[in-house]
Number of protein chains: 2
Amino acid sequence: MKKHDQDFIKRQNRLTVFEIIKNQHPISRASIAKRTGMSATTVSRIVGELAEQGYISESEQVSSGLGRKSTLLDIAASSVLSIGIELDTHQIGIGIVDMKGDVVFSEAYPRTADESPDHTIVRLESIIGDCLKRHEIDRSKVVGIGVGLPGIVNHKQGIVLFSVQLGWKNIPLAERLKVLTGFNVAVDNELKVKALAEHLRGAAIGSSRTALLGFGNGVGSSLILEGQIYRGDWNSAGEIGHTTMDPNGALCECGKAGCLQTYINISSLLGEAGKIRPIRTIDELFEARRAGEGWAVHLIGRALEYMAITVNNIVCMYNPDSIILSGELIDRFPGIYEEVEALCLTRFVWEPVRGSFHILRSRLNERGVIIGSGLLAQDWFFELD
Amino acid sequence: MKKHDQDFIKRQNRLTVFEIIKNQHPISRASIAKRTGMSATTVSRIVGELAEQGYISESEQVSSGLGRKSTLLDIAASSVLSIGIELDTHQIGIGIVDMKGDVVFSEAYPRTADESPDHTIVRLESIIGDCLKRHEIDRSKVVGIGVGLPGIVNHKQGIVLFSVQLGWKNIPLAERLKVLTGFNVAVDNELKVKALAEHLRGAAIGSSRTALLGFGNGVGSSLILEGQIYRGDWNSAGEIGHTTMDPNGALCECGKAGCLQTYINISSLLGEAGKIRPIRTIDELFEARRAGEGWAVHLIGRALEYMAITVNNIVCMYNPDSIILSGELIDRFPGIYEEVEALCLTRFVWEPVRGSFHILRSRLNERGVIIGSGLLAQDWFFELD
């Protein structure tokens, strides 16, 4: 075997051992050897190297079976950190994410809808610097920044191509933030990183095909296929909010008529509600429904039916093994998840595939985008060697 | 290196050389060596083995550049054959498909809509036996049978789970046909194998993400991702015909209301047309449109709009690089393809992604399912060693 082949195999073995510890901690050296087919000596050598680099920790534990003490290995979660950012119309969320996907701390800052890209980017730099300083984060452990936002993102170049919610078009966010902060920057659509987070650390661990739906200021979806974000050709796969339902339907902000999101998203619901009386927030609308006001019962009832239709259409198109319902309309209002689930299973999902998937709640909720952005940055920028 | 590793590498190298000749014929030994990084000796040895087995042929050709003669390699297409079958409500199509995806011959037999699975399967056996005999096909070259049909198929077990068009439910087609014919049998959804055929030998060679739409007796789609059929968890991905458009729409045969296919498929169109006057065939309906009868203009116009909507919804969900329009309604009526394309590009496709894909015609047309079924059987059952 050639020298570079040997080096390649060594690196592969290191990576294999590291990934096993990362995903199946706590675990013993013997289990790793058994699982990989590597010799005990090889495993011990690699574990020694990883411990020396500070990536893993050891602990003595009594194993449940025989009562013998054995040394178990775990990753040193805080040895690798990333900055996860959620950029939304009215808020900037930031968190430090460790190797286990835990959020070391998180904070939120208000943002005005008309804030310019320049202004937001400069603010991001100052927020990041300030947070690292106040929380005394060792910058050498931070492998990069991940940003999740609504819209279509060229993830390879880190360019925000198009975001109605932010009012941005063709903004080279990754490049500009890298120049300002010195960190590598990954940028992606918020639902894509959220689904990644739920797959790696949330509701859909172990799933082969998870679809995540987001119902809030927009309507969107994303798909994780065999552990990878399904992006499509322009990283715009999953834009179910702009699938057309009715060519004679209400106009959408995109210029088409009858887009799915016009039946569901918050601004459409508030727009309709405003025809009856001044309703400023979605909470007021739900309150009117609870009070039994007919128009509100109709409006939200119809939105829930279209959420169930969204589930059906996702199942027909992607045939996933699990579907996560998420977003403000699901997370913030008790009972909504259950109502949508019932509509799916009794009426709206095509009968032959009704048993083909699980409907799940988000487990990471509003932290999902920060965690997913952070994990994406780790995936892209952390190198073991 | 261990013995079994060496064997593995040898097999891989053989396969690599074979695949290159298969996909890039005619090609010289030198080009193969250059492309693979293998030595000239290794390439020559492998080529020699493959030629001895009868899988490849050689020819002397004058290369365009220097005017020197060089020996070019090609696959011996007819050294490996498969039987491709298209099973539809009113017809059974059969063809012998060679390694290049060419159809050696094909025939069609009528089938009645109420023919029982037993009857159809026994007929298939007799049709296959008869065809092989009449066309003097060497059975030893036939690696297996592929069957494409409308409906949901458990492709791993070759069971037709559910087919409205055939009226079948839970029919173990592969097993039963294997017992009767002695051949290995692959069964799959017709649009999935059709897309595979277009990807391998038709309109979408070289594409990374091709979606194929079928507009005919049903409405469906399929997606080829990096050369593989995207199946989803139950092999039912792409069932766009049962995505819901309008919860208050017309009832679909599936029991739901407002399925996409109720606006487009032939039986729905004929059902609606029947309210005006007796219309028995889709040709009569198109004739009424050409004659300017208002209701027919409306009915087909609406169907075309929903075809464009189907394209939009596929683009939003899958973000493919190309979309093939196929099926009876597209293939048989001149001008329909152009009308749908124009609707897509002027009104119905979401503006931000309008430039993200090509709309293509099927190149294999009505032979697509036979070719795709045949190629699937070759992919599953042909082994080089």
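**Entry 1: the largest cavity**

I began with helix α9 (residues 294-318) of chain A and α9 (294-318) of chain B, which each supply at least two residues of the lining of the largest cavity. The model is predicted; I took local features only at pLDDT of at least 70 and side-chain atom pairs only at pLDDT 80 or more, while totals for chains, interfaces and linings use all residues. Residues are numbered from 1 along each chain as its sequence is written, chains are lettered from A and ligands numbered from 1 in the order written, and side-chain values use heavy atoms, without hydrogens and water.

Helices here are DSSP runs of H or I with at least four residues, strands are runs of E with at least two, and both are numbered from the N terminus. A cavity is a set of points on a 1 Å grid over the protein atoms alone where a 1.4 Å probe fits but cannot get out, and lining residues have an atom within 4 Å of a point. Grid points are joined across faces, edges and corners, and a volume is the space filled by probe spheres set on the points.

I found two cavities of 30 Å³ or more. The largest cavity holds about 50 Å³ of space. I listed its lining: Thr243(A), Asn313(A) and Met317(A), with Ile240(B), Thr243(B), Asn313(B) and Met317(B). By class, that lining has three nonpolar, four polar and no charged residues. Nonpolar means Ala, Val, Leu, Ile, Met, Phe, Trp, Tyr, Cys and Pro; charged means Asp, Glu, Lys and Arg; the others, Gly among them, are polar.

**Entry 2: the second largest cavity**

I looked next at the second largest cavity, with about 30 Å³ of space. Its lining is Leu269(B), Phe286(B), Ile300(B), Ala303(B), Leu304(B), Met307(B) and Leu329(B). α9(B) gives the most to this lining, with four residues. I counted seven nonpolar, no polar and no charged residues there.

**Entry 3: a pocket**

A pocket is an open set of points with protein on both sides within 12 Å along at least five of seven lines. I looked up the second largest pocket, whose volume is about 1,000 Å³. It is lined by 47 residues, and Glu86(B), Asp88(B), Glu190(B), Lys194(B) and Asn217(B) lie nearest its centre. Helix α6 (residues 190-201) of chain B gives the largest share of the lining, four residues. By class, I noted 13 nonpolar, 21 polar and 13 charged residues.

**Entry 4: two helices in chain A**

I checked helix α2 (residues 29-36) of chain A against helix α3 (residues 40-52) of chain A: their axes come within 9 Å and cross at roughly 120°. That angle makes α2(A) oblique to α3(A). Under 35 degrees counts as roughly parallel, over 145 as roughly antiparallel, 65 to 115 as roughly perpendicular, and the rest as oblique. Axes are lines fitted to C-alpha atoms, for helices over the stretch in contact, with angles from 0 to 180 degrees between N-to-C directions.

Arg29(A), Ile32(A) and Ala33(A) of α2(A) make the contact with Val43(A), Ser44(A) and Val47(A) of α3(A). Contact means heavy atoms within 4.5 Å. This contact has four nonpolar, one polar and one charged residues.

**Entry 5: backbone**

Most residues other than glycine have a negative phi, and most peptide bonds are trans. I looked for exceptions. His25(A) and Pro26(A) are joined by a cis peptide bond, with omega about -10°. Pro26(A) lies in the loop between α1 (3-24) and β1 (27-28) of chain A. In chain B, the bond from His25(B) to Pro26(B) is cis, with omega near -5°. Glu226(A) is not glycine, yet its phi is positive, near 50°. I placed Glu226(A) in the loop between β13 (219-225) and β14 (228-229) of chain A.
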